[in-house]
Amino acid sequence: MGFWKQAFRPRVPVSVLSGGHALTDKVEGKGLVNKISVMKGRKSGEVEIATLFGQKHFTFSRISWEPSGTRSVGKAAGGAILGTVVAGPLGTIAGAALGAKKKDNSTAYLYLVDEEGVEHEVHIQCTKDQYRQISNIAY
C-alpha cells in the first residue's frame, strides 16, 4: 500500500466506553484508552485500530448497534424563552425546535479477534452513520 493511499484511508473516530484495554499492547495505556479510530486493514476482513498509544491489527468478527436517544424538555423550554426574547413569536417556535433536538446516545459492541485468536468485545459510543462506516470498512 502506497504512502498516500495509507495516509488518506477512511477513519472512523469513536469513543470507547469499555474494553479499551485490549486495544493496545502498551502497559501505560491499558486503562486509558477512551478514543479510537477504526481503519481498514491490509487484508480483507482486517481492521486497524489506532489509539494514542499506537496501532494494532485485528480480524473483524462483527458489530452490533443499539440505538438510543434522548430529548431534553428543559432545553426545549430554554430555547423557546431565548427565541422569544431574541426574535418574537417566530423565535419561540424555532427556539423550541432547536432546544428539543434529539441527542444521539447510541452505542455499539465491536467484536475483534487478535493474533492469538482471542475475541475481544469493545463497547463504543457511535451514531448510525459511524456504525455504517465501520460496517463498510470491515466487509
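Is Glu48 buried or exposed? Glu48 counts as buried, at 2% relative accessibility. Buried means under 20% relative accessible area, exposed over 50%, and partly exposed in between (1.4 Å probe, protein chains only).

**Before you start**

This is a predicted model: local features need pLDDT of at least 70, side-chain atom pairs count only at pLDDT 80 or more, and totals for chains, interfaces and linings use all residues. Residues are numbered from 1 along each chain as its sequence is written, and side-chain values use heavy atoms, with hydrogens and water left out.

**Whole chain**

Show the cartoon. The chain has three helices and eight strands. Helices (H or I, at least four residues) and strands (E, at least two) are DSSP runs, numbered from the N terminus. Along the sequence the pattern is α-β-β-β-β-β-α-β-β-β-α. Of the 139 residues, 37% are buried. Among contacts (heavy atoms within 4.5 Å) with a separation of 6 or more, 57% link residues 24 or more positions apart. Switch to the surface.

**Stop 1: Glu48**

Select Glu48, in strand β3. Its side chain makes a polar contact with the side chain of Gln55 (3.5 Å). A polar contact is a pair of N or O atoms within 3.5 Å; within protein, one must be able to donate a hydrogen and the other to accept it, and residues adjacent in sequence count only if both atoms are side-chain atoms. Leaving out residues up to four places away in sequence, Glu48 also touches others, including Arg9, Ser37, Lys40 and His57.

**Stop 2: the core**

Select Leu23, Ile36, Val47, Leu112, Ile124 and Ile134. These have the most contacts inside the largest nonpolar core, which has 21 residues. At least two core residues come from each of β1 (11-18), β2 (35-40), β3 (46-51), β4 (54-66), β7 (107-113), β8 (119-125) and α3 (128-138). A nonpolar core is a set of buried Ala, Val, Leu, Ile, Met, Phe, Trp, Tyr and Cys residues joined through side-chain atoms within 4.5 Å. Now centre on Ile124. Beyond its neighbours within four places in sequence, Ile124 contacts Val14, Ser15, Val16, Leu17, Ile36, Thr107, Ala108 and Ile134.

**Stop 3: helix α3**

Colour Gln130, Ile134, Ser135, Ile137 and Ala138, which are buried in α3. Look down the axis: the buried residues fall within an arc of 160 degrees, so they line one face of the helix. The arc is that of the directions from the helix axis to the C-beta atoms. These buried residues pack against β1, β2, β3, β4, β7 and β8.

**Stop 4: the salt bridges**

How many salt bridges does the structure hold? There are two. A salt bridge is a side-chain nitrogen of Lys or Arg within 4 Å of a carboxyl oxygen of Asp or Glu.

Select Arg62 and Glu119. Their closest N and O atoms are 3.3 Å apart. Arg62 lies in strand β4 and Glu119 in strand β8, so the pair ties together parts that are 57 residues apart in sequence. Arg62 is partly exposed at 39% relative accessibility; Glu119 is partly exposed at 41%.

Next, select Asp129 and Arg132. Here the closest N and O atoms are 3.8 Å apart. Both residues lie in helix α3, three residues apart, about one turn of the helix. Arg132 is partly exposed at 44%.

**Stop 5: Pro10**

Finish at Pro10, in the loop between α1 (3-7) and β1. Pro10 is exposed, with a relative accessible area of 55%. Not counting residues up to four places away in sequence, Pro10 touches Val38, Met39, Lys40 and Ile137.
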